[in-house]
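Hi,

Here's the structure I said I'd pass along.

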Amino acid sequence: MLELLLRRCLQAVPLLVILSIVTFAAVLSLPGDPVDVLVGNAQKDMAPAEIQVLRQEFGLDKSPVEQYFLWLSNGVLKGNLGRSYKDGRPVVTIILERLPSTIRLVATALFLAFGTGMVWGLSMVILKQSPIGKWLEAALFLVALVLYSAPGFWIGFLVLTMAGRISVLGDVPLLAVHEAGSPPVNPTAALSAIWYVLLPATVLSLRRMAKIALFVRAATLNELAQEYVTTALGKGLSRIRVLTKHVLRNSLAPIINLAGLSLPSLLGGSVLIETVFAWPGMGRLAVESTFGRDYPMILALVLMYGALVIFSNLAADMLELINDPRRRDAYLAEVEGART
Amino acid sequence: MSQARFTTSDPRHSSIRMWVGAVLIALVFSSALLAPAIAPSKTLLWPVPVNLDAINLPPLTTGHFLGTDLLGRDILAEALWGARMSLVIGIVAAVAAVTFGGVWGALSAFFGGPIDTLMMRAVDGLLAIPNIVLLLTINTLLTANPFLHSFPEWSLRFLKVTSFSSGYLPLFTVIVVISATTWLEAARISRSKIHSILLEEYIYSARALGIGVIRMLFHHLLPNAAPVLLVEATLLVSDAILMEAGLSFLGLGLGPSTPSWGSMLTTAQSSLIEGNWWAVIVPGVLITTTVVGVNLVGEGILEGQGGKRQAT
């Protein structure tokens, strides 16, 4: 089992390598080189020989392949990806400041999307069974379809305007007012931090929630048409028992898989939602750096987002391997097949 | 307890859903086609006149059925002209993405071996980057000055770029940026489809006849993968429309000169604080309607083909 997990971990390595090559290619294609940026206007006061020395120091006289390995060993592995053009601090420091905010937002959204989406999908299946509930199910289906198709930031606008007008909700903290970084430590402040994250996280989760609800509905309905369900009902089991004991278990595997795959799209959506709600996370940093043409920052962010996605997919895959013996066997067979 | 039986999905429903989707798409398309008839204009840049005496008028005002935006432009006319831009962006970007991705995937499957691994790993690596982040990055790289200066003179004239206006250049950039992001999924789908086509007997006989790569690709492989790629293109249209809206919202889209639903949302954002909610509602509803329609039709066809879009 341990060997299996280690093997799966090793599979992520080529992906990380590719990601770094792609990022580096983008670094190379950028206009101007780091020396131009560093020297700036002072360039005309410097002797060409001095600039040449600087270029050698940066390794710019080497071939792209050598430069890539230099960048990998000095930059990526030691966490030294250059300084922000904007405020001169190391980009890694700035990103690590913003990371906790984004993780808080995305984790809450993932939790909401998965939890609510599952309940939503299953209640659609259950409602479909009764003649009156059928209509309610149709309405829930329509709502899910619309939420899945509407742009998330647009819903964000509408929620913001409405929450600002409806005073029934009391003082809803509309925009994040806390500093970037980790949440405060004392309990009351921590509680208010949850309150702050709730609105943006709900808006962020809506699209995923709808997708998961539709997926759960389709997967469960598909499962209900299988013959073992007829057999189980024929044995005289109640429908609730069949649904919870037999059907749910079988339709759960693809749903867990979908939850693991949700992270990239939630991270992507968070860029827009962070902008709407002025949330001090990585997404807003990405947008700000795009406007400021802060190249080192953008590329470090690409690397960071990519690594987050690769590791989360790895984690989801491992959970599935641990959970589902069928998949484990299939994977083992594949490994065996590759050996022979 | 009622009879021990479960109600499962009714096949009739999926055909109803597809019809509903088709009707929605037909409505949006006809409104785009009718734009010049309902709101006449000679030019596509600033097609709706700015009128600063009539800003933020509410809906149902005489002459402005859906009200006006913060520049006094009629929202109905904007929406109709915007439908053209949004649909053009969606369709052109989707077709470009599927064409490039389709050929990429086909070549990858055809050559196999280390070339296949290399080509598909590159796709996997890029897919690890979330959509919007990739959009932002490609946008930054593409709009860096040296790229813009490398445009030949005639293309700038074609895109109506002058020293006062960037003309259709943003439209061009947005389409390139979106298709540069969405071709990845098409490449994966094309590769897996062509991989299975390559096992067919007619491919063996074509190979035995010594057919060239190009002919093999365009005469045998891609035409047989076309149904799958067509559905992917349909679904990508909705993705592209949503992406354009997102890009515009971030201020990287078309700008106020060229109306699209995304750029309408951007303008509307600034007037929301003055209580102009209708300027936000109209483009959002139109985007949602189009995306619902496209998704219903795309998934309906997919169901008919007995497939399922990969869960993402």
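This is a predicted model: local features need pLDDT of at least 70, side-chain atom pairs count only at pLDDT 80 or more; totals for chains, interfaces and linings use all residues.

Before anything else, a word on how elements are named here: helices are DSSP runs of H or I with at least four residues, numbered from the N terminus.

Helix H9, residues 213-249 of chain B, gives the patch its largest share, three residues. B:Val213 itself has a relative accessible area of 35%, so it counts as partly exposed, the class between 20% and 50%.

Now for chain A. Its secondary structure is 13 helices and zero strands. Of its 340 residues, 46% count as buried. The accessible surface of chain A is about 17300 Å², and carbon and sulfur atoms account for 67% of that. If you take the contacts in chain A between residues at least 6 apart in sequence, 74% of them join residues at least 24 apart.

One backbone detail in chain A is worth a look too. Most residues other than glycine have a negative phi. A:Ala278, though, has a positive one, near 50 degrees. You'll find A:Ala278 in the loop between helix H10 (239-276) and helix H11 (282-292) of chain A. Its relative accessible area is 26%, which makes A:Ala278 partly exposed.

Cheers

How values were computed. Residues are numbered from 1 along each chain as its sequence is written. Chains are lettered from A and ligands numbered from 1 in the order in which they are written. Side-chain values use heavy atoms; hydrogens and water are left out. Helices (H or I, at least four residues) and strands (E, at least two) are DSSP runs, numbered from the N terminus. Buried means under 20% relative accessible area, exposed over 50%, partly exposed in between (1.4 Å probe, protein chains only). Contact means heavy atoms within 4.5 Å. Accessible areas come from the Shrake-Rupley method with a 1.4 Å probe; for residues, only the protein chains shown count as cover.
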